[in-house]
Amino acid sequence: MKSKLFSKIALAGAFAAAFSLALAAPEVDQAAIDARYQSDRQACMSQAEAGGVRELCMQEAAAARQAALNGELSGGNRPAELQRNALSRCQVHTNPVDRSACERMVKGEGASVGSVESGGVLRETITVIKPEPAAAGQ
């Protein structure tokens, strides 16, 4: 009798854990993921079979589908996510003035010239730094 009770408690605990994981998992759009996977497979099939490229492509498509189903793969095109990624790239600047200028450019301040199609975008901000007052007696 004790083992049946333990089994029921363990089963209830496992069900509760699985249910809480399901609630914590991000929602996925199964239809969109499947459509993307089919599109990726079509692209793979159109490649010439040379050196296992097609097979590797199919494996990558399947891995991307699985990651998307697990909520590990986002579209990467949400504006907030793009800006957060861009701001994180400013962390390489150890100088606070440089980091601030980088963050301001990411947020759209300053001037931009060029395009990705033309080979790159040049961004410029102007930061006025006031000189420190000279020490007395120099």
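## The Cys90–Cys102 link

Cys90 and Cys102 pair up as a disulfide, with their sulfur atoms 2.0 Å apart. Keep in mind that this is a predicted model. The torsion about the S-S bond of Cys90 and Cys102 comes out at about -75 degrees, so this disulfide is left-handed. As for where the two ends sit, Cys90 is in the loop between helix H4 (79-89) and H5, while Cys102 is in helix H5, so the pair ties together parts that are 12 residues apart in sequence.

How buried are the two partners? Cys90 has 0% relative accessibility, so it counts as buried. Cys102 is buried too, with a relative accessible area of 14%; the cut-off behind that label is under 20%.

## The Cys44–Cys57 link

Searching the whole structure turns up 2 disulfides. Besides the pair already described, Cys44 and Cys57 form a disulfide, and their sulfur atoms are 1.9 Å apart. Here the link is left-handed, with -75 degrees about the S-S bond of Cys44 and Cys57. Cys44 belongs to helix H2 (residues 30-45) and Cys57 to helix H3 (residues 53-69), so this pair ties together parts that are 13 residues apart in sequence. Both Cys44 and Cys57 are buried.

What pattern do the disulfides of the chain follow? Counting bonded cysteines along the chain, the pattern is 1-2, 3-4.

What happens at the start of H5 (residues 96-106)? There, a side-chain oxygen of Asn95 reaches to within 2.7 Å of the backbone nitrogen of Val97. That pair sits inside the 3.5 Å cut-off for a polar contact.

Thr125 turns up in the segment after strand E2 (120-124). Is Thr125 buried or exposed? Its relative accessibility is 18%, and because buried means under 20%, Thr125 counts as buried.

Which residues does Thr125 touch, leaving aside its neighbours within four places in sequence? The contacts are with Ala101, Arg104, Met105, Glu109 and Gly110. Among them, Ala101, Arg104 and Met105 fall within the 96-106 range of helix H5.

Methods. Residues numbered from 1 in each chain as written. Predicted model: local features only at pLDDT ≥ 70, side-chain atom pairs only at ≥ 80, totals over all residues. Heavy atoms only, no water. Polar contact = N/O pair within 3.5 Å; in protein donor to acceptor, adjacent residues only side chain to side chain. Helix = DSSP H or I, 4+ residues; strand = E, 2+ residues; numbered from the N terminus. Buried < 20%, exposed > 50% of the residue type's maximum accessible area, 1.4 Å probe, protein only. Contact = heavy atoms within 4.5 Å. Disulfide = S-S within 2.5 Å.
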